[in-house]
Amino acid sequence: MAKSVTRMIRRPLRGKPLILLILAAVIVLLMIAVILPFQKNESRLAVLIGSASEDLSWLQRIRLIFILSRQLDELSQPVGSAGNTSIITVDEGESVISVAQEMLDGGFIRDKELFLNYLVYRGIDKKILPGKYAMQDNLSILEVGDHLMDPAYRLISLTLLPGLRLEEIADLIEQSGLRFSSEAFLIAAKDYPAELHPAGGTSLEGYLLAGVYEFKRSISLESFLNGFVNHFQRIVDEDMVEAFRRNGITLKQAVTMASMIGREAMSPEEYPMIASVFYNRLRAGMRFESDPTVQYAVGWDENQKTWWKNPLELSDLSVYSEYNTYMIAGFPKGPISNSSIEILRGVANPDQTPFFYFRAKCDGSPYHNFAVTYEEHLQNDCN
């Protein structure tokens, strides 16, 4: 009886290898049916839109490859065709969802969820760089995503303060990340086409107005300078030029006066007041005797490591130069530095005063004492 039981127990074991073989075959077939198409889609996506991020889990990878492979047309289709440009700002620490919403609101993408899926698939969601971007409405989702992680597409910010000469602006350009050199900038800015120049000259000294500017890193030197000139011509309109004429000066002379004021004045409140002093001296046939024009004529001071030597020595005042207004009558040869729209407005609409002199106050404030006579001017000396 025991032997019969033993035989009955062993019979099922004889069929087990067959079952396992069948199960293995089913698994292989499933792998062929599922994994191979998956690998094919993954390879196709890698070619068309880039490789998946290594940070994705296996399940995330499968899900995103499945979704994106079915929406390839939407990924590569531009939203519009006009090519209109808008500035998009990505703040430090801003969430990828917020960035996607901003892109949707700005009309740069149509499908926020698809955009997010693409960013996560590529790992761009963790590589978005804060800054400002010039985005166009004829970009695809693929291009918008690539722009957000490539520093080449971030705008470069350049801040120009009043009172800078071209060499100082060139130093800022050297540090800015723009693709042209400071040397190339100086050569081009000092030999600008006269037919494009606001006043018909060749030097842009004084015509690069103060302000905060945003540029594409890839901007050409020609476009860079033309942009400043176009900005100047938009700001300094015909009404302002006519105001200069009513005051008896040309556009070039107005820019030159503004450049002197930009070096003399420390407070915007005094722009029209200092302009009135220069006008009064000009109409009285007096020399301007402006120290900044001497500093410009002297140029780089190796001891002080500056373009604006201060204090000046008595011998500096007698340096002959077409810019030294202690030596020449009337306006210097041209502007000595850049100015701002606020300074130019002061030149266009000066205060009406009896003053012929001004000198910095002795209290450390950014203001000046003004005087009608030379004797009063001497009394304002701090010594």
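## Helix α7 and its cover

A residue counts as buried when its relative accessible area is under 20%. Keep that cut-off in mind for this predicted model.

Helix α7 runs over residues 166-176. Its buried residues are Leu166, Glu167, Glu168, Ile169, Ala170, Ile173 and Ser176. What covers them? Just past the end of α7 comes Gly177, with a positive phi of about 100 degrees.

## The largest pocket

Rolling a probe the size of a water molecule over the atoms shows where empty space is left. In this model, the largest pocket holds about 960 Å³ of space. Its lining has 31 residues. Nearest the centre lie Glu264, Glu289, Asp291, Tyr326 and Phe358.

Which element gives the most to this lining? Strand β5 does, with 4 residues. The strand spans 357-360. Helices α11 (251-264), α12 (271-283), α13 (291-298) and α15 (374-379) each supply at least two residues. By class, the lining of the largest pocket has 17 nonpolar, 9 charged and 5 polar residues.

## The second largest pocket

The second largest pocket has about 250 Å³ of space. It is lined by 16 residues. Closest to its centre are Ser203, Lys252, Tyr323, Gly334 and Pro335.

How do the residues of this lining divide by class? There are 6 nonpolar, 6 polar and 4 charged residues in the lining of the second largest pocket.

Conventions:
Residues are numbered from 1 along each chain as its sequence is written. This is a predicted model: local features need pLDDT of at least 70, side-chain atom pairs count only at pLDDT 80 or more; totals for chains, interfaces and linings use all residues. Side-chain values use heavy atoms; hydrogens and water are left out. On a 1 Å grid over the protein atoms alone, a cavity is a set of points where a 1.4 Å probe fits but cannot get out, and a pocket is an open set with protein on both sides within 12 Å along at least five of seven lines; lining residues have an atom within 4 Å of a point. Grid points are joined across faces, edges and corners, and a volume is the space filled by probe spheres set on the points. Ala, Val, Leu, Ile, Met, Phe, Trp, Tyr, Cys and Pro count as nonpolar, Asp, Glu, Lys and Arg as charged, and the others, Gly among them, as polar. Buried means under 20% relative accessible area, exposed over 50%, partly exposed in between (1.4 Å probe, protein chains only).
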